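I opened my notebook to look up a few things in this structure. Here is what I'm working from.

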Amino acid sequence: MVRWILVVVIAMLIGFFVYVDMNNGVPDHLGVNEGLLAPCPDMPNCVSSQAPVEDEQHYVEPIIYRTSVKLAQLKVEQALLSQGNGRIIDSRLGYTHFEISSDLFGFKDDLEIYFPEADSVMHVRSASRVGYDDLDVNRERVRQIQDLLVD
């Protein structure tokens, strides 16, 4: 009996890791489209400064910065890359898409930062690729970026 339970547990773990690996690919719907980042799905594993303010589950405030776009973007990119668990998927002046991996299981999150032209505001979208809830990891990531740029 114990052997069968062990076999079932091992099979479930293997299935879990296969599921995570299959769903950890870079989404193709990300980026800026007509000045907007992709909307958050109906799960609590995503936050966005472009979500409706009434959407308390997903909304985070846009980040106001006081330097040039180039300096603010470089500061964020350097800080995130120095953590060692992120890589840049796409970067151009005014937009960066990061892939950030969790330490324990290697779950991947997508973080997008967008600087609209002629504004001193940075929009952010941070979302988990897999799972339902993120235990506020994405919200905390945005708060850390805000702390980085707000003096």
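This is a predicted model: local features need pLDDT of at least 70, side-chain atom pairs count only at pLDDT 80 or more; totals for chains, interfaces and linings use all residues.

I start with a definition: helices (H or I, at least four residues) and strands (E, at least two) are DSSP runs, numbered from the N terminus. With that in hand, I looked up E34 and found that E34 sits in the loop between α1 and β1 (46-48).

Residues are numbered from 1 along each chain as its sequence is written, and side-chain values use heavy atoms, with hydrogens and water left out.

**Entry: the whole chain.** I found three helices and six strands in the protein chain. Along the sequence, the pattern reads α-β-β-α-β-β-β-β-α. Next I looked up burial (buried means under 20% relative accessible area, exposed over 50%, partly exposed in between, with a 1.4 Å probe and protein chains only). Of the 151 residues in the protein chain, 36% are buried. Accessible areas come from the Shrake-Rupley method with a 1.4 Å probe, and for residues only the protein chains shown count as cover. The chain's accessible surface is about 9,500 Å², and 59% of that belongs to carbon and sulfur atoms. Then contacts (heavy atoms within 4.5 Å): among those between residues at least 6 apart in sequence, 51% join residues at least 24 apart.

Entry: Is E34 buried or exposed? E34 counts as exposed, because its relative accessibility is 80%. D136 is also on my list: phi of D136 is near 65°, again positive in a residue other than glycine. I located D136 in the loop between β6 and α3 (137-149). D136 is partly exposed, since its relative accessible area is 48%.

**Entry: D133.** D133 lies in the loop between β6 and α3. At 47% relative accessibility, D133 counts as partly exposed. Which residues does D133 touch, leaving aside its neighbours within four places in sequence? I got P44 and N45. D133 and P44 are 89 residues apart in sequence, yet 5.3 Å apart in space, C-alpha to C-alpha. I also looked up polar contacts (pairs of N or O atoms within 3.5 Å; within protein, one must be able to donate a hydrogen and the other to accept it, and residues adjacent in sequence count only if both atoms are side-chain atoms). The side chain of D133 reaches the backbone nitrogen of L135 at 3.2 Å.

**Entry: R125.** I found R125 in strand β6 (residues 121-128). R125 is buried, as its relative accessible area is 3%. A polar atom of the R125 side chain lies 2.8 Å from the backbone oxygen of A38.

**Entry: disulfide.** How many disulfides (pairs of cysteine sulfur atoms within 2.5 Å) does a search of the whole structure find? I found one. The disulfide joins C40 to C46, S to S 2.1 Å. The link is left-handed, with -65° about the S-S bond. C40 is buried at a relative accessible area of 18%, and C46 counts as buried at 0% relative accessibility.

**Entry: M1.** M1 lies in the segment before α1 (2-22). M1 is exposed, with a relative accessible area of 77%.

Conventions. A disulfide is a pair of cysteine sulfur atoms within 2.5 Å.
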